[in-house]
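Dear colleague,

Please find the sequence and the coordinates below, followed by my notes.

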Amino acid sequence: MKTQTKILLSSIVSNTETNSEGVKLFCVIAKAIKNEESIILEIDSNMTLSSSFLNSSLGEVIDNYNLDVLKTYLKIQTTKTQFERINSYLNKYNDAYHN
């Protein structure tokens, strides 16, 4: 990996409820993967990530690359509770669609 960049989720999206906002995050992650750059994504503890948002962002990364690639290039910085929710989502999504 070339570089590591810290990004606030709130600087990429205006909300974490819609598919269209999820696509914005997907594009940032996909570009980082293409350029072999690692992202530290900082997520505010008060942000609620809807399933639509997650499917269009992290789910799309799993669909287009795979879970291991996602975990290689994306590190998440947030509260323990939020991190556990995201990790659970990733594992359930991967199990449902890629196993």
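The notes that follow treat the sheet, the nonpolar core, one serine and the aromatic pairs in turn.

Please bear in mind throughout that this is a predicted model.

The sheet

Three elements make up an open sheet: the 3 strands are arranged in the order S1-S2-S3, and their pairing is parallel. From one strand to the next, the twist averages 20°. The parallel pairing of S1 with S2 extends over 5 bridges. As for individual partners, Thr5 is bridged to Ile39 in S2. Helix H1 lies across S1, S2 and S3, and runs at about 150° to S2.

In general, nonpolar side chains tend to be buried together in soluble globular proteins. The largest nonpolar core here has 28 residues, and those touching the most other members are Leu9, Ile29, Leu41, Leu58, Leu70 and Leu90. Two or more residues are given to this core by each of helix H1 (19–34), strand S2 (38–42), H2, helix H3 (67–73) and H4. H1 provides the largest share, with 6 residues. For Leu90, once neighbours within four places in sequence are left aside, the contacts are Leu58, Ile62, Leu67 and Leu70.

Ser56

Which residues does Ser56 contact beyond its neighbours within four places in sequence? They are Asn19, Gly22, Val23 and Phe26. Ser56 belongs to helix H2 (residues 51–64). With a relative accessible area of 8%, Ser56 is below the 20% limit and therefore counts as buried. Its side chain makes a polar contact with the side chain of Asn19, at 2.5 Å. Ser56 and Leu25 are separated by 31 residues in sequence, while their C-alpha atoms are 8.3 Å apart in space.

The aromatic pairs

A pair of aromatic rings is described by the distance of the centres and the angle of the planes. Searching the whole structure gives 2 aromatic pairs. One of them joins Tyr89 and Tyr93, with 5.6 Å from centre to centre and 35° between the planes, a tilted arrangement. Both residues are in helix H4 (residues 80–98), 4 residues apart, which is about one turn of the helix. Tyr89 is buried, at 14% relative accessibility, and Tyr93 is likewise buried, at 10%.

Why is the pair of Tyr93 and Tyr97 classed as tilted? The ring centres of Tyr93 and Tyr97 are 4.6 Å apart and the planes stand at 45°. Planes under 30 degrees apart would count as stacked and those over 60 as edge-to-face, so this pair falls into the tilted class. Tyr93 and Tyr97 also both lie in H4, again 4 residues apart, about one turn of the helix.

Is Tyr97 buried or exposed? Tyr97 has a relative accessible area of 58%, which is over the 50% limit, so Tyr97 counts as exposed. Taken together, the ring pairs link Tyr89, Tyr93 and Tyr97 into a cluster.

With kind regards

Note on methods:
Residues are numbered from 1 along each chain as its sequence is written. This is a predicted model: local features need pLDDT of at least 70, side-chain atom pairs count only at pLDDT 80 or more; totals for chains, interfaces and linings use all residues. Side-chain values use heavy atoms; hydrogens and water are left out. Rings of Phe, Tyr and Trp (its six-membered ring) pair if their centres lie within 6.5 Å; planes under 30 degrees apart count as stacked, over 60 as edge-to-face and the rest as tilted. Buried means under 20% relative accessible area, exposed over 50%, partly exposed in between (1.4 Å probe, protein chains only). Contact means heavy atoms within 4.5 Å. A polar contact is a pair of N or O atoms within 3.5 Å; within protein, one must be able to donate a hydrogen and the other to accept it, and residues adjacent in sequence count only if both atoms are side-chain atoms. A nonpolar core is a set of buried Ala, Val, Leu, Ile, Met, Phe, Trp, Tyr and Cys residues joined through side-chain atoms within 4.5 Å. Two strands pair if DSSP finds at least two bridges between them. Axes are lines fitted to C-alpha atoms, for helices over the stretch in contact, and angles run from 0 to 180 degrees between N-to-C directions.
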